[in-house]
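Trainee: Could you take me through this structure? I want to know what stands behind each label.

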Amino acid sequence: MTLISTSLNSLGLVLLTHAVYSAHEHSLLPTTATLPLDITIELLTAVLLLCIGIVLASPDLKPINWSVWGGKLSREEHKAAVKAGDVTERDPYVQLDIRRGFLDIRGKRQEFADWDIMTGLPSYRTGY
Amino acid sequence: MLDERELAISPIVQSSVQHNAQTISNIRNLTASLFGVAAGTLGLESYPGFIFYLAASLLVSVLIFAFRAEGKASEYFHSPLGDLWLGEVFSGMSGFVLTWTLFYGLVRA
């Protein structure tokens with residue numbers, strides 16, 4: 001898309017410059033005729049090409065609906081990760097997708113008990 | 001449509017709204033100056049110049065609608081009529097008049 005818009009803009013600028021220069025040269029002639037048709041057509045063509053080029057060169061619009069926007073960001077997550085630095089444009093649901101699992105409290109307690117016995121230090125349980 | 005409940009169900013992303021408005025504003029300012037060059041070189045005067053500007057702005061709106069909004073204007077704009085079709089048309093008019101008079105003077109003087 002960048003190539004198309006750049007070439008359209010370049011071509012349009014060349015045509016526009018040529019048309020404006022031709023109109024200026026024509027105005028220097030002693031005749032008081034109106035602008036010739038070919039200059040008019042060239043000028044309007046240049047304006048049309050530049051319009052299309054400018055619109056194509058502009059950045060993409062972003063959806064304003066939160067669900068559409070968030071869904072699009074989720075789908076393009078890997079692309080957004082490559083283009084790092086834009087902190088505001090991250091997937092808003094990433095904290096729902098990546099969560100820690102539940103804590104295995106019984107397992108942790110057993111781990112601690114094993115360690116406690118293994119070290120054999122005098123603990124708070126010596127009174128029992 | 002602009003019901004409070006509707007907004008609560010499908011909230012609006014403020015940064016996207018700003019980004020879209022900025023994009024439209026940039027396009028309008030650039031094209032308004034361009035139309036001024038064309039109108040001045042064509043030697044338009046008075047009402048035909050403003051009619052040319054309005055017609056060309058409509059063309060740009062159609063181009064934005066087709067290429068940028070992909071035919072779904074309500075997905076990108078809160079109120080498509082005010083933000084896309086008429087958005088920034090009258091604020092771009094000062095830039096248009098500026099280049100219009102400049103090129104009219106340069107080419108025809």
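Mentor: Start with the contact, meaning heavy atoms within 4.5 Å. Chain A gives 30 residues and chain B gives 35 residues. This is a predicted model: local features need pLDDT of at least 70, side-chain atom pairs need 80 or more, and totals for chains, interfaces and linings use all residues. Residues are numbered from 1 along each chain as written, chains are lettered from A in written order, and side-chain values use heavy atoms, without hydrogens or water.

Trainee: What makes Arg68(B) and Asp60(A) a salt bridge?

Mentor: The term asks for a side-chain nitrogen of Lys or Arg within 4 Å of a carboxyl oxygen of Asp or Glu. Here N to O is 3.2 Å, so the pair qualifies. The count between chain A and chain B is one salt bridge.

Trainee: Why is the pair Phe35(B) and Phe52(B) called edge-to-face?

Mentor: Rings of Phe, Tyr and Trp (its six-membered ring) pair if their centres lie within 6.5 Å; planes under 30 degrees apart are stacked, over 60 edge-to-face, the rest tilted. These centres are 6.4 Å apart and the planes stand at 85°, so edge-to-face it is.

Trainee: Why is Phe35(B) called buried?

Mentor: Buried means under 20% relative accessible area, exposed over 50%, partly exposed in between (1.4 Å probe, protein chains only). Phe35(B) has 1%, so it is buried. Phe52(B), at 17%, is buried too.

Trainee: And what makes Phe50(B) partly exposed?

Mentor: Its relative accessibility is 30%, so it falls in between.
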